[in-house]
Amino acid sequence: MDQIESYLESKMPEMNSLLKELVNIDSGSYYKEGVDKVGNIIRRKFEELGMYVKVHRETEYGNHLEIKCDKECEPKIIIIAHMDTVFGVGEAEKRPFKIIGDKAYGPGVSDEKASHVAVLYALKALKENGSDAYKNVHLIFNSDEEIGSRTSKAIIKEAAEGKDFSLVVESGRPNDAVVTERKGVGRFIFDVKGRSAHAGVEPERGRSAIVELAHKVISLQNLNDYEQGLSVNVGLIDGGISSNTVAPEAKAQVDVRVKNMKQAKEITAKITEIAHDEHIKGTETEISGRIGRPPMEKVEGAETLLNTIKAVGKELGMSITEVSTGGGSDAAYTTTEGVPTVDGMGPLGEFSHSEKDEYVDLKSFPKRTALLAKTIERLSSHLH
């Protein structure tokens with residue numbers, strides 16, 4: 001067994017204990033107190049490792065952490081992890097951390113609290129086994145990834161400047177897969193105004209916002225092109241004031257997923273055109289929203305980074321594969337800066353955001369953490 005992997009195997013009781021502590025803290029994106037509680041634990045652990053931690057304080061959301069070997073160092077690898085989850089207050093008490101067989105369960109265990117532990121122990125493994133590669137890492141722990149990285153996006157993009165590689169530690173996928181492409185994510189809101197009228201006495205005086213919206217919904221759904229990686233979903237609709245009144249207003253929320261920026265520009269134009277098309281004379285439609293999170297695309301150097309990870313994996317007895325996914329992540333913000341990026345570098349897990357099925361594979365925990373550590377080491381050796 002590899003020296004670093006052996007070290008991590010010996011640390012599994014510690015790693016599981018820290019994972020339990022983190023999972024049993026509610027840290028939904030809108031629960032600043034809980035996210036900051038997680039952040040304080042992470043800050044303390046990295047400071048104990050002798051690293052410099054800068055806290056970016058926020059008033060509405062949780063604080064963000066920026067971590068380097070010291071204040072003045074200029075590492076070439078950026079690693080991004082998020083501390084927030086999608087679960088509300090009380091979820092951790094309702095279903096606390098538990099281990100069944102080789103799997104650990106609990107809110108956010110895979111997405112992505114196991115990754116917090118993996119990043120910490122990957123750097124501990126490097127440092128305690130005499131490797132200076134841990135000094136070549138610039139860590140961002142942000143608090144608002146699940147809601148689009150509203151306040152942390154700028155921090156990530158600034159940290160990405162001058163970096164040679166980016167590793168994002170969303171959970172690894174079955175079959176030792178990492179993520180090399182992700183779709184961009186957009187949200188648009190259609191707000192339709194009509195004119196009310198009594199549905200029985202004088203319906204002809206009305207202008208139904210619901211009927212206008214219905215025409216637009218069909219047009220929006222017809223934009224789907226799954227083979228090209230484009231999806232448009234009208235997921236929420238609301239309208240009207242009573243069944244016997246011609247609806248004076250209606251609203252729809254639209255989720256959009258795109259494979260590349262070319263698609264993003266084209267679909268934005270088509271959605272805007274649909275909003276402005278009038279089917280029921282006398283109605284008006286306002287549209288708001290945009291493609292908020294760009295797609296994670298392969299940039300120059302991404303294939304080289306992937307091949308390095310595959311080579312390291314092979315040395316650990318792993319057969320690394322690559323997948324693309326429809327879910328967004330902060331990997332988008334490093335690829336748009338031109339930094340070669342691979343996501344899914346965390347421990348293996350599945351069913352993120354599930355209220356009962358989300359898990360982390362504990363058998364994979366030390367090996368996937370070793371993969372992260374040795375990838376950092378291999379990339380660092382190329383940079384010297």
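Below is a short chat about the fold, the sheets and one leucine.

Me: What kind of model is this?
Reply: It is a predicted model.

Me: OK. How many helices and strands?
Reply: The protein has 11 helices and 16 strands. Its radius of gyration is 24 Å, close to the 21 Å that the globule rule gives for 384 residues, so the protein is as compact as a globular protein of that length.

Me: What does the C-alpha trace span along the principal axes?
Reply: About 85 × 45 × 40 Å.

Me: And what share of the residues is buried?
Reply: Buried residues are 53% of the 384. The protein exposes about 17,200 Å², and carbon and sulfur atoms supply 46% of that.

Me: What about contacts between residues 24 or more positions apart?
Reply: They make up 79% of the contacts with a separation of 6 or more.

Me: Now sheets. What is the strand order in the open sheet of six strands?
Reply: The order is S1-S2-S6-S3-S7-S14, with mixed pairing. S1 (52–56) and S14 (341–342) stand at the edges with a single partner strand each, so one side of each has no neighbour in the sheet.

Me: How do S3 and S7 pair, parallel or antiparallel?
Reply: Parallel, over four bridges. S3 covers residues 77–82 and S7 covers residues 165–168. Ile79 stands opposite Leu167 in S7.

Me: And which strands form the open sheet of four?
Reply: S4-S5-S16-S15, in that order, with antiparallel pairing. S4 (98–100) and S15 (349–350) are the edge strands, each with a single partner, so one side of each is left without a neighbour in the sheet.

Me: How many bridges join S4 to S5?
Reply: Three, and the two strands run antiparallel. Tyr105 in S5 is the bridge partner of Lys98.

Me: New topic: Leu305. Where is it found?
Reply: Leu305 is in helix H9, residues 302–315.

Me: Buried or exposed?
Reply: Buried. Leu305 has 0% relative accessibility, and the cut-off for buried is under 20%.

Me: What does Leu305 touch, leaving out residues up to four places away in sequence?
Reply: Phe165, Ser166, Leu167, Pro340, Thr341, Val342 and Leu379. Leu167 is also the residue opposite Ile79.

Me: How far is Leu305 from Val342, C-alpha to C-alpha?
Reply: 7.4 Å, although the two are 37 residues apart along the chain.

Methods:
Residues are numbered from 1 along each chain as its sequence is written. This is a predicted model: local features need pLDDT of at least 70, side-chain atom pairs count only at pLDDT 80 or more; totals for chains, interfaces and linings use all residues. Side-chain values use heavy atoms; hydrogens and water are left out. The radius of gyration is taken over C-alpha atoms; the globule rule is 2.2 Å times the number of residues to the power 0.38. Buried means under 20% relative accessible area, exposed over 50%, partly exposed in between (1.4 Å probe, protein chains only). Contact means heavy atoms within 4.5 Å. Accessible areas come from the Shrake-Rupley method with a 1.4 Å probe; for residues, only the protein chains shown count as cover. Two strands pair if DSSP finds at least two bridges between them.
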